[in-house]
Structures are given as structure tokens and as C-alpha cells.
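Let's take a friendly walk through a protein model, one piece at a time.

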Amino acid sequence: MDLYDKDVVSIRDLTKDQIESILDLSEKMVPYAMGEKTKRALDGKILGNLFFEPSTRTKLSFESAAYRLGCDVIDVSEMSMTSISKGETLADTIRMVDAYCDLIVLRHPYEGAARLAANCSINPVINAGDGAGSHPTQTLLDLFTMKEAKGTLEGLNIVLVGDLKYGRTVHSLADALTMFGAKLTLVAPESLQMPEDTIAHLEEKGCHPTKTADLNDVIDQADVLYVTRIQRERFPDPTEYNKVAGTYRIDNAILREAKSDLIVMHPLPRVDEIAQEVDSTPHARYFRQAFNGVPVRMALLCEILGGDIDA
Amino acid sequence: MPDGTIKEVKLAPIRNGTVIDHITCGQALNVMKILGVNENNIDSSISIGMHVISAKTTEWKDVIKIEDRELDSKTVDKIALIAPDATISIIRDFYVAEKYNVRLEDHVVGLARCSNPNCITNRGEPVSPEFNVISRHPPLLRCCYCDRILMNISDNLL
């Protein structure tokens, strides 16, 4: 249990072995996450859930994960409710909350906030998203969802589509997938392609992603189609936005070209990147993906806080 | 070079002070900025050679000679961020009393601010910006907090 008492700020903080260990434990957590089995493996522990930015899935799934394991939760959901609104620094807030709980989960609008929190805190910190920076637990649940559907991560043909420039989830995900020998294809308009330094980092690790702007060219080869939202505010011209957003809309027509066992994933919330008609096809995996946030976060909490569901 | 001979451009010798040599070509004015020199606070003479040929390496370089001043270690560390091959010679009574290369450490603390405005180190927190050096030629620094590459190092020096 070598993650005991460790911070998880970036997916780069974890080794391949540690990720595999979390994914294996996540699988065991599924019946507990569904309430079919119960175990108060973290009885007596307190989780400090600090969300300084709106969140539905991440916040609720951390709370659900904690409660399923018998761990209590104290939380802050709005900056206006804290001393930060009185001018307190994040560093001081973290030192204070650190004294009230055993582990801090932090979502913050500024990049690097989780690293700062980890440096200030004695207890471990989990990054639940810092601005456009890292979101390692999203990456873990994405990996788990792929592994659950495909049985393995090795050699999967994974197509990332949408906003690959600003979307924080895809950078961490691409980073992690390189550890597992996945083949990556990056589908985005030139203006939203993955940044060159991120691609250079992937290449250093032996992954040579293919770039294209046309999804139709690659859909038939994909095992996983990972869709992200293209944000309207990235485009000064609304006509340009409509043109780009329409190009990457996933519907049953485009999925006709896909393998029968292709899975479609999305970190949610979606706006109109995936047509609702896709929800009822076997390709749709995004709601299961959202559920998987619970077992994966249960596994991570247990690893860091020393809980054991087999004890 | 006209007849194949390479001759170093000479700047006026100084009695006491510092010679900063082998500055990456084009960085002399940024080094001047690090030295904090402007038209209102110059008490000694300064010679600048820009785009001059190095007799040793036959590559283009910049040179600065500043009289009656020796550099502190923080200033030298900042110079290393934009001119990693620079050499510092301390001159006393026309002789080189000491000569050393600037050294770009693997980890840099408190010398530059992160160029990402949304980095937590730029938001009034009690923390010094920290970077890992991921390349030396040219110097490339990655923020230890937000993980971004530091853009325009000379514009972000503290």
C-alpha cells in the first residue's frame, strides 16, 4: 500500500504500478459503490472536501465514496462562505482545514493550487481539478472505464476528439495512456489541437500520436472514442464555433462506421457534442463513466488513508 | 572574416569591476536589465559588445564590462537563466582576480515569476515561484506548481 499518506496532485505523481493497483482495487469497490455490499473501512476518518469552483460529479462522487466507506465529510462549496472572502490566503485556509480532517480534496480555479495545498498540508491532498491544470482522479476513472469495458489498456486504439487544447482531462489522460502502450489519435481543428509541448512530452515517453481534423478518417479504427466539449467562448466568431462544433457532433450516423464494440466516453457535462440518440446504443459509456467516479475514488481514499475492505 | 583570420572585438579594459562574457547573442540588453542599470543610476562606465565573434568558439556572442561593481550570487543565477554559457570575470587592478562560469541549477527558486497569470504563484499566496529546468540550450523551465513552460524568461525575471 505504497500510496499511504501520499498526495495525488498530478497523474505524473503515480507510477504505472500504482495506477494498476488503484484500478484493481476499484474493481473490487464496485459492489460497495452500488450499495450491494457494505464495509466501514474508513470508520473514524474525516475527509475535508474543499470546492472553490462549481462541480457536480467530482464533489458528489467524493462524498459518496467517503460515505460508502464510513468516512465522515466536512466541506466548503463556496469561496464566499470562507475566510478567503475576508482576504485569507489559500495557504492559511489549507493549514486550518488540515487540522480538522485526515485528508483534503481540493477543487480550485487556479492552476497549481493543489500543489501549493500539498506543500502546506501535513495530511495528504487529492487534486480534484485546479483551473486548466490537472484532474488526476478523472484520469483514473477514465482509465478504469476503458479497462472495465475492454479488459485491458494495452494496445487500445483511442481517439480523443474535441477541445484538446484547453480541456484539462485530455492532457492528463493522454499522459497516462502512454504508460499503457495505447495508440492515440487526436482529432481537433488546428486551433484546438493538443499543445506542442504536451505532444512533445508524449513523444518523449514513446507515444507518437496521429493528428487529424477529420473524425470520419479514423472512426472505423477506434476502440474508444473520448469526446470533450468545445467551448463556445474559445471562438470570437459564433459562425466559426457552429461550424467546428457541428463537425464533431457524435450521432448514430457517424457511429455506423465504427466497430461494434466501440465505446463512447465523455467527462460530462455534455451540451450537444453527443446526440441523445446515442445514449440508448451499446456504444454509450459516459454515464457508467460518471458512476465509476465512486469506486475509483473509494479505492484512492482507501489506499491513501489505509482502509482495507478485506479486513 | 576577410582573410580567414578571426579576431576578437576589443572593448576598453577596466581597472576594477566585472566582465560578463559569452552572453548568448542578443541577450546583452536583458542582462543589463538584470543588472538593474538604467540611464538614471549609472555611476560607472559600462561597455557593451553586441554580436561580436568569440575567438575561442568562433560563435557570435555579447559582452558587457561594468566598472566598480561585483555581482551577487542571485544576479549571477538570473544571468544563467538567459545566458547559460556566460562567464564572469572579476577584475581587480586590471587583472582577472577570479573567473567562473554561470551555473544553471536543475531547480530554480524565486528568480522568475510564472508566465501563466492563472498560476497560483501569481495570486498573492505566500509562495516563491519554483521551476524545474528541462532544457539548457535554450533554457526551458517548467513551473513546479502549474506545470506550464515559462514563456519569455527575460520578461518574467524577479
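An axis here is a line fitted to C-alpha atoms, for helices over the stretch in contact, and angles run from 0 to 180 degrees between N-to-C directions. Helices (H or I, at least four residues) and strands (E, at least two) are DSSP runs, numbered from the N terminus. What you see is a predicted model, in which local features need pLDDT of at least 70, side-chain atom pairs count only at pLDDT 80 or more, and totals for chains, interfaces and linings use all residues. Residues are numbered from 1 along each chain as its sequence is written, while chains are lettered from A and ligands numbered from 1 in the order in which they are written.

Start with a pair of helices in chain A. Two packed helices are described by the angle between their axes and the distance between the axes. The axes of helix H2 (residues 57-68) of chain A and helix H10 (286-305) of chain A come within 8 Å and cross at roughly 50°. That makes H2(A) oblique to H10(A); angles under 35 degrees count as roughly parallel, over 145 as roughly antiparallel, 65 to 115 as roughly perpendicular and the rest as oblique. Their crossing is right-handed, a word used if the near helix is turned clockwise from the far one by less than a right angle, with left-handed for anticlockwise.

Which residues of H2(A) and H10(A) meet? On the H2(A) side they are A:Arg57, A:Ser61, A:Phe62, A:Ser64, A:Ala65, A:Ala66 and A:Arg68, and on the H10(A) side A:Ala290, A:Gly293, A:Val294, A:Arg297, A:Met298 and A:Leu301. Two residues are in contact if their C-beta atoms, placed from the backbone, lie within 7 Å. Sorted by class, this contact has seven nonpolar, three polar and three charged residues. Here Ala, Val, Leu, Ile, Met, Phe, Trp, Tyr, Cys and Pro count as nonpolar, Asp, Glu, Lys and Arg as charged, and the others, Gly among them, as polar.

Now find another helix pair in chain A. Helix H3 (residues 90-98) and helix H4 (residues 113-120) of chain A pack at an angle of about 50°, with their axes 9 Å apart. That angle makes H3(A) oblique to H4(A), and H3(A) passes H4(A) in a right-handed crossing. H3(A) brings A:Leu90, A:Ala91, A:Ile94 and A:Arg95 to the contact, and H4(A) brings A:Ala113, A:Leu116, A:Ala117 and A:Cys120. Seven of these residues are nonpolar, none is polar and one is charged.

Step back to see chain A as a whole. Chain A is divided into domain 1 (11-134 + 293-305) and domain 2 (137-289), with bounds that come from an automatic or database domain assignment. The centres of the two domains of chain A, taken over C-alpha atoms, are separated by 26 Å. Their contact takes 18 residues from domain 1 and 14 residues from domain 2 of chain A. Helix H1 (16-33), strand E4 (125-130) and H10 of chain A each supply at least two residues of the domain 1 side, and H1(A) gives the most, with five residues.

Chain B also has two domains to explore: domain 1 (17-101) and domain 2 (107-156). Their C-alpha centres lie 24 Å apart, and the contact takes seven residues from domain 1 and eight residues from domain 2 of chain B.

Next, look for the sheets of chain B. Strands of a sheet pair through backbone hydrogen bonds, either parallel or antiparallel. Five strands of chain B form an open sheet in the order E2-E3-E1-E4-E5, with antiparallel pairing; two strands pair if DSSP finds at least two bridges between them. Strand E2 (46-53) and strand E5 (95-101) of chain B stand at the edges, each with a single partner strand, so one side of each has no neighbour in the sheet. Neighbouring strands of this sheet are turned by 15° against each other on average, direction ignored. Strand E1 (residues 17-24) and strand E3 (residues 60-67) of chain B run antiparallel and are joined by six bridges, and B:Thr24 has B:Lys61 in E3(B) as its bridge partner.

An open sheet of three strands in chain B has the order E6-E7-E8, again with antiparallel pairing. Neighbouring strands of this sheet are turned by 35° against each other on average, direction ignored.
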